[in-house]
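Subject: Structure handover

Hello,

Here is the structure I said I would pass on. My notes on it follow below.

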Amino acid sequence: MVPHLSRLMQLWKIAAHYRLDTLIPADELPSKAKPILKLIRHHHAAWGSKEKNNPLKLKQALEDMGPLAIKLGQLLSTRRDLIPPEILSQLTLLQDQVKPFEVEIAKTRISDAFKADVHTLFARFDEKPLAAASIAQVHTAALHDGREVVVKVTRPDIRQQIIKDFEILQWLGDWLEQRLEAARALHLSEIIQDYRSIILNELDLTIEAENTRRMRHHFTGSSMMYVPEVYMDSKDVMVAERITGVPISDLDTFDRLGMNRADLAEKGLTIFFTQVFRDNFFHADMHPGNVFVETLNPQQPRYIALDCAIMGELSKSDQMTIARMLLAVMNSDFMQLIQIVHQAGWIPPDTDKDALAREMRRTVGPMVSKPMSELDFAGILLQVMDIARRFHLEIPPQLMLLLKTLVHVEGLGTELYPQLDIWKLAKPILTEWVKQQMNPVQNFKELGQQIPDLLLGAQDIPSMLIDSLNGLRNQATWHDRQLREIQNLRLEMSHQQRRNWLFGSSLVILLSIAIISPWFVSIILIVLSVFISIWRLAK
């Protein structure tokens, strides 16, 4: 049964009120969709809303639908190559210009979080929000020592709505997995569950604060990226250093200040690979509202990482698998690619690996020689997913967050410097990382670092051996007891069969004698047979 029908009806009414059906011209709709849309409009009075000509109807509709719809809009806002300009202009506003909530509510949440009045905490607090997004809004302020800060406050009363929306998504994911092999190959239900945890964690700003501190540690002193310092945090409020910069999408400012966009794009891609492979801790929500660039030194600009709520991590084996896969693609060695995927356990044993390699060469091969301006990661990923469906490949859910991040990175890179040669830049980075992981000296050093743990664990070896031997002895005793019981049971069954045969034979003899004897003897023998039968059944 579909969960939360009332919530579905609410989403439906929002779509109807804002006339989202008019986003796509009628002549561009698939022919099969036109009769359905006509029927819907005819039977739903809300489709007659005056919002049809509202230039911001999509933005406002997604705002009214809630955080998950806004997140979808933010993801699509990075795809200038896929989204028409008139729609993209609305989606871009969702990055940091969502409808704010009342400032008095924000002040109350700040006071409750830090057990002090706003004027006690800050020398100045600006009531007009600097930015507002799906989960929280940001106010500027100043501490009493003069430091400029930003105060991030989560939206009130959105947790239950997010949970309801994810329960609807979970039902849809389960429904699709039951009917579509592609959904099963993607582990769609697990992906939805993972993303649910990620979004709910985003409501807890102590997690974002810890993520920010961790990333700041990784990039301390870096000439590529700066991560602001966190001063105070709680579940609902985070106070951090205010930065000076512009969004990554502000190309006019870059050109006005004479910034080298090619160098900036290469630096951004290097940061991404550094996060994924060196740190194994990558920013997984890289829409333009979360990625800024310093303008203080236009000749040596740094990126500024904001909103570290959604971060990704991979296992060591997945890191190595992804790096080797990318290198195999860059070298156009598709048999090697299939072998790597096979070793990772993503391919069923009976798969035709030659046919799979041909399909990957046909699909992925052409992308290797193209600049970012001609790449379409989203389209390629769809083709790869289709191959996964046809060849029954297993795609681990933990990789989907990385793929989502790659789509973000491609969108940002294409906008910033379309001629960027992603392969030329990525290949030496990945090659060096793989060499380090396979370096015997490095592996021996890591083993040396683990020696103290091994020695501490060695103290438990004698007791573990004794426990294991006792377990084996007890298991052997149990097996002997079970064997004796089985033997006794078999002997008892043999005796029972013998007694049953003697009883049956005796009864047949008595009845035979009764048939040929005089009537009074026959009665006695029959009664005796009945008593013998009753006695036998009673035993």
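In which sense do strand β8 and β10 pair, and over how many bridges? The two strands are antiparallel, and three bridges connect them. Before going further, please keep in mind that this is a predicted model.

Overall composition

The chain has 539 residues, of which 43% are buried. Its secondary structure amounts to 22 helices and twelve strands. Taking contacts between residues at least 6 apart in sequence, 69% of them join residues at least 24 apart. The accessible surface is about 29900 Å², and carbon and sulfur atoms account for 60% of that.

The strands around β10

Strand β8 covers residues 245-247, and β10 covers residues 291-294. Within that pairing, Pro247 has Phe292 of β10 as its bridge partner. Strand β10 is also joined to β11 (residues 303-305), again by three bridges and in the antiparallel sense. On that side, Phe292 stands opposite Ile304 of β11.

The nonpolar core

The largest nonpolar core contains 79 residues, and Met215, Phe254 and Tyr303 have the most contacts inside it. Helix α13 (residues 261-279) is the biggest contributor, giving eight residues.

Phe254 has contacts on several sides in sequence terms. With neighbours within four places left out, Phe254 touches Val246, Pro247, Ile248, Met259, Arg261, Leu264, Val293 and Leu416.

Thr274 counts as buried because its relative accessible area is 12%. Beyond residues up to four places away in sequence, the contacts of Thr274 are Phe219, Met224 and Asp279.

Salt bridges

There are 20 salt bridges in the structure.

Lys152 and Asp307 form a salt bridge in which the closest N and O atoms are 3.2 Å apart. Lys152 is in strand β4 and Asp307 in the loop between β11 and β12, so this pair ties together parts of the chain 155 residues apart in sequence. Both partners are buried. For Asp307 the relative accessible area is 18%, so the residue falls below the 20% cut-off for buried. Asp307 also has a positive phi, about 55°, although it is not a glycine.

Arg214 and Glu313 form another salt bridge, with the closest N and O atoms 3.2 Å apart. This pair too links distant parts of the chain: Arg214 is in helix α11 (residues 205-218) and Glu313 in the loop between β12 and α14, 99 residues apart. Arg214 is partly exposed at 31% relative accessible area, and Glu313 is partly exposed at 46%.

Glu104 and Lys107 make a salt bridge with the closest N and O atoms 3.9 Å apart. Both residues are in helix α6 (residues 103-114), three residues apart, which is about one turn of the helix. Glu104 is partly exposed, with 48% relative accessible area, whereas Lys107 counts as buried at 15%.

A network of salt bridges links Arg124, Asp126, Glu148 and Arg242.

Surface and loops

Trp171 is in helix α8 (residues 159-179). The relative accessible area of Trp171 is 31%, so it is classed as partly exposed.

Asp157 has a phi near 60°, a positive value in a residue other than glycine. Asp157 sits in the loop between β4 (148-154) and α8. Is Asp157 buried or exposed? With a relative accessible area of 76%, Asp157 is exposed, whereas Asp307, which also has a positive phi, is buried.

Regards

Terms used:
Residues are numbered from 1 along each chain as its sequence is written. This is a predicted model: local features need pLDDT of at least 70, side-chain atom pairs count only at pLDDT 80 or more; totals for chains, interfaces and linings use all residues. Side-chain values use heavy atoms; hydrogens and water are left out. A nonpolar core is a set of buried Ala, Val, Leu, Ile, Met, Phe, Trp, Tyr and Cys residues joined through side-chain atoms within 4.5 Å. Buried means under 20% relative accessible area, exposed over 50%, partly exposed in between (1.4 Å probe, protein chains only). Helices (H or I, at least four residues) and strands (E, at least two) are DSSP runs, numbered from the N terminus. Contact means heavy atoms within 4.5 Å. Two strands pair if DSSP finds at least two bridges between them. Accessible areas come from the Shrake-Rupley method with a 1.4 Å probe; for residues, only the protein chains shown count as cover. A salt bridge is a side-chain nitrogen of Lys or Arg within 4 Å of a carboxyl oxygen of Asp or Glu.
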